[in-house]
Number of protein chains: 2
Amino acid sequence: MLEKGSWLMDLIAKHKARFDAARKACRERFHWSPFPEAPALVENSEALGKAADETFAGQLNKAFELELPGIVDTVGDEISPYTGKPLGITYPRCNPDVLFDAAERALPAWAALTPELRVAILMDVIDALEKQVFLIARAVMHTAGQSPNMSFTGSGVNALDRAIEALVYAYEAMRFTPNTAHWERQFGKATISLGKTYRLVPRGTAVCFACASFPTWNAWPSMMASLATGNPVIVKPHPGSVLPMALTVRCFRDVLAAHGQSPDLVTLQLDTRDEPLGKVLVNHPKTAIIDFTGSAQFGSWVEQNAHPALCFTETAGVNTVVLDSCEDLDAVIRSLATTLCMFSAQMCTSPQNIYLPRQGVREGDRWVPAGEVRQRLADAVYAIASNPRKAAMILATIQSPDTEQLLDQLAAQADVLLPSESYEHPDYPDARTRTPLMLSVNTSQRDLYLGERFGPVSFVIECEDAQDALSQATRDVREVGGLTAFLYSSDEAFIEQAEQAYANAGAQLTINLTGPMPLNFAAAYSDFHVTGLNAAGNASLTELGFVAQRFRITQSRRPSSNMPR
Amino acid sequence: MLEKGSWLMDLIAKHKARFDAARKACRERFHWSPFPEAPALVENSEALGKAADETFAGQLNKAFELELPGIVDTVGDEISPYTGKPLGITYPRCNPDVLFDAAERALPAWAALTPELRVAILMDVIDALEKQVFLIARAVMHTAGQSPNMSFTGSGVNALDRAIEALVYAYEAMRFTPNTAHWERQFGKATISLGKTYRLVPRGTAVCFACASFPTWNAWPSMMASLATGNPVIVKPHPGSVLPMALTVRCFRDVLAAHGQSPDLVTLQLDTRDEPLGKVLVNHPKTAIIDFTGSAQFGSWVEQNAHPALCFTETAGVNTVVLDSCEDLDAVIRSLATTLCMFSAQMCTSPQNIYLPRQGVREGDRWVPAGEVRQRLADAVYAIASNPRKAAMILATIQSPDTEQLLDQLAAQADVLLPSESYEHPDYPDARTRTPLMLSVNTSQRDLYLGERFGPVSFVIECEDAQDALSQATRDVREVGGLTAFLYSSDEAFIEQAEQAYANAGAQLTINLTGPMPLNFAAAYSDFHVTGLNAAGNASLTELGFVAQRFRITQSRRPSSNMPR
C-alpha cells in the first residue's frame, strides 16, 4: 500500500546491509562502526578538510541559508573560542507557533510511511551528514571549541554511530508489533474470526535541546529516535553553538525534501541569551516530546514541567574516580591525567572528583603515599598542559567565558594542587584556553565539589580509606547525579562491591583501564550513556525505554469474513 | 552465579513451555490461553465452585489473615452488591512508611535474581492464583458486583492471561540487552579489549492502585510488570473492593516466601473513604512507579503529580459507536444491546455514546429511519433487562450506590428512550440492580455525554450524517479520552477514514462485529488495552513502553586481560 514505487524499495535495499550490521551490533554490543575513526583515515582527507575550511570561511559574516516557516527576524552571536572573534553568521529566528503548526501539518504523511521507509530515508540523512562531516567538525570547533580531531571523531562519526543506534532501537521497538494478526476463538458454539491491524501512531512534535559544548552527540540520536517513530522535531540549539545544528537541520530538510517529504519535519528554533525560549517550548501545548541536553539546573526544571510531554534528559553530575590499588601506578596516572585534560573536561563524561585514601594507593605490594599520588597526578597533567602542541590537541579551548570565572573562584577556595593558566595555542594565538585546575580538598569541603563544576577542574578528595572513598563517591553520585565512574583496584572483593554500589547509584563504571583509550570514551552500540537512575538525567541512550514511548499502538479489528478483498 | 541450586533450574524448566507459547502469542497476537474459558470447562468445576463458596462464606465477618509489616489497626467496610450486606471482613491497615521501608529491604535480593528466575517464580504465582480462581471470582462478585461467570472469566482467567502477557513483555525488554559483551577496538597502534557487564537495576517501589469494579484485570499485569523487572509492589485497593486484592497479595506473598524470597515484595496498603491515602502514596518520596486504574479525575491528578515517579494510568473516557450502514441491522442491534448491558456498562471498555445519523442507518440498500433504529435498540436492551435470568447473567449488579444517583440525575436531563429501573435478581432478592438507562440527545446537549458517566447509561446522539457522526465521535474522544470505539459501515472508504480518525484520536476500533463475542472483549496477547494517546490513560497494556522504563541498565567495563578468572 505504502511502497508505491521501486525507488522506495531501492532505498531500503541500499541501506539494508549497514542497518542489519548495526542491529547485530546493538544486540551483541561489540565494537562496530561503518565510519573511519579519524579524519586521517578518510580518503582525500586533506582535500576534504581544505574544502571544509573554505566553505566554513565563506560562511562567516553572512546570513545562513536556511528556509524555514514563520521567520520573524535574524539572530546570531556565536564567538569562536579559537579566534575570539564573532562568527558573524546570522540565522533566521522563527515564531514557535508557526513551527509547531508546520510540524503538525508535516506529520501525517511522514507517519503514514512504513517504519522501514522512514528508517531508510533517515539512513540517507546519515549519509548526507557523513558527506558534511568535515564541515560540521569545523562548525563544532569554532562554536564548542573542540579540537579538530575530537570535532571529527566525537562530534562527527561517533555521533553518527549513535544516531544509527537510535534508529536501530526505534526500529526494534516498532517492529516488535506485527502489522496484522489473525485471531480466532470459540464463543459458545460460534467461531469468531477477526483480522486485526495495528498502527503505530507518533506522539506529536518533539523539541530537541542541544547543548553548547557537544551539540551533535546527543541531539542526533534524539532527533533520529523521534523521527524514526514518526514525530517531527524542532531543534533548539544553545545560542553559543548554533552552526553545527543549523547545518544539521539543513541537511535533514534537504534529504527529506529530496525524498518527497515535508522539510518541516525538522526545523530550527533559535533564541538568544537575553530572550530565551526554552520555557516557552517546554510549556507549549503542542510539545509532545522533549529531549534535553544541558545544565542540571534547567534540566531539572524541564523534568518537573514537561508533563504532559514525554521528557528525556541528559544533564550532569559528579563523575567520580576511586583509587584503591593497582599494578602500575604510572599507567593509571597517565590515563587519568589524559582524561582529565581531554577537551578541558567539558564533556558530561569527564571525571571530576578523585577520592584518594589517606594512606595512599597500593601499587603491587607497596604503598604510594597520598601526597605522592597527588603530586604525580598533578605532574602528569602539567606535562600535557605545559606542552602547547599537546595542550592544543588534548585541552583544546574553553567554550564559555563563564568557565574562566568559575576556575578563578574555585581556586580561591581550596588548596591548589595545580593552578589554571591560559596556554598559548600554537595555531590560534587568541584562543580562549585554560590549563586544568587541580584542587586538594577533604570531605569537610564537600560543598565545593558536590555538583558539576563545568570545565577543567578536578578535586582530589582525601578519604579515610578505600571503603570510605567508595562510600563517599557513590553517596555523592546518589545525591547529585553522575554519569561515569572510574575505579582502580586489585582487590576483587572490593571491585565487586564497587560494581554493585555504582549500579545502585546509577553511574557507568570503568575498572582498571589504562592505555591509549580515553577513560570516558563511550562506544556507540555498546556503552549505554546515562542510566536514568540519578539526577544526571532521566534517560539512557540508547535502549528500548528511550524509544518505546515515542509512538503508540492503535488497532482496528474486524470479522475476517467482512475484510475487504 | 545466581542459579545456586537445581530447584531453580527445575522451576524455570517447569514453566518454559507455557512461557514460550505466551511469547509466541505476544509476537504474533493470535488467540492463545492456557486456561479454560468458562468455569464449566474446569474439571470438577462444581466441587471447586462449592468449595469456593464455603471458603468465601467462612471468611465473612472475620479478620482476614494476612501478615504484613507495620500494622496499625484494621479496617473494612465492603458491602456485597448482591446481598446488600456488609462482608464484615476486617483487614490490617499499615503505616505506609513501614511498607516502603520493608519493600526497600526486600528489593536487593529480588533484584539479584536473574530475569528468568524472577519470571519463573512469578509464573508459580500465576499457578497459585489459578488454584484460587473460583474463590477470587466469589470475592470479585461480592465486591465489584460482577456476575459469577464474568468474575471467573474477565476477573479470573483473562486477568491471568494479561498477567502472563505482562511477564512476557517485561522479559523481552530485559533480555534485549545481553549480560556481557566483548568489545575490542584499535586506538592508534594499541588494541583495547574490554569485557562489559550489563546489570538491570529496578527503579524502586511501585504503588499499584486497583479500581472498584474490575480490580484484578489491570492490577495483575501491572504488578507482574513491576515485579518481573525487580521492583516491590504496594497494592492500594479501592476501599469498596478489597477482598480480591487481599487474596491476591496473600497469594503473591505465600509463593514468594515459599521460594525463599521476602514476602514484603508485595504488600497491601488499605485506606478508607474518609481517610484516603492515595495522594500520600503518590507523593511519597520512595514511590518510584505508579500504576493507576480508576477515575479520570484522580487519574489526571496522579499524572500531574507523579513526578519523579514513573506513572502508568488507565482511567476512562467516552467509548463511542458510529452507525453508518450494515447488511443485517438486527445482528448489529443484538450485539450492541448485549454489550451495552454487559456488567451494566461498568467496564472501562463499555460503549456509551452512540452517534446516529439523522437520516438513519442504511441496511443493504434501504434506509432504516433514525427513530426506528433508536427504538429497536431500546427494545433489544429491554428484552435483556426485562428477563430476570438474562439480566442477572448479563447486567449483574451495580457496584456503587453513587451510580444509582447518577442515573436518576441524568434521566431528568434528556429524553428518556429507555428508563432505568431495578430488576429483581432471581437468586439475590436484595441485590443492587438497575436496568440500562438510554437517553436520546442531540449535539447541543454535549455537556451531558462528554465524559464517562459510570454505569448503565448510553446516549443516542443525533448527528447530521455519518460524516458528522464520525467527526463528533472522534472529536469527543480527542477531548475527553476514550478506550474503545465501534463502527458499523458497509462503505470501505468510510471505514478507512474512520480507522485513521480513531487512530489519531487513540481509541481501539472494532468494525462490523456481530455475533456472540461481546464487542468490548479485549483479548490478552492480542488486543492492546488503552493507547496512551488521549485522556483515558497514558499507558498501554501491554507493550514495550509499559515495561521498558521499570528497570534501568547499568554497566561496568574492564580490560579483558584484567578480568577475574
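**Strand pairing, within and between chains**

Mentor: Let's start with strand E13 (residues 361-363) of chain B, which is joined to E14(B) by three bridges, the two running antiparallel. Within that pairing, Glu363(B) has Arg366(B) of E14(B) as its bridge partner. Strands here are DSSP runs (E, at least two residues), helices are runs of H or I of at least four, and both are numbered from the N terminus; two strands pair if DSSP finds at least two bridges between them. This is a predicted model, in which local features need pLDDT of at least 70, side-chain atom pairs count only at pLDDT 80 or more, and totals for chains, interfaces and linings use all residues. Residues are numbered from 1 along each chain as its sequence is written, while chains are lettered from A and ligands numbered from 1 in the order in which they are written.

Stepping back, E13 belongs to an open sheet of three strands in chain B, ordered E11-E13-E14, with mixed pairing. Its edge strands, each pairing on one side only, are E11 (325-326) and E14 (366-368) of chain B.

Pairing also crosses between the chains: two bridges join E20(A) to strand E19 (residues 508-511) of chain B, and these run parallel. There, Ser556(A) has Leu509(B) in E19(B) as its bridge partner. Overall, 62 residues of chain A are in contact with 61 of chain B (C-beta atoms, placed from the backbone, within 7 Å). E20(A) gives the largest share of chain A's side, eight residues.

Key
Two residues are in contact if their C-beta atoms, placed from the backbone, lie within 7 Å.
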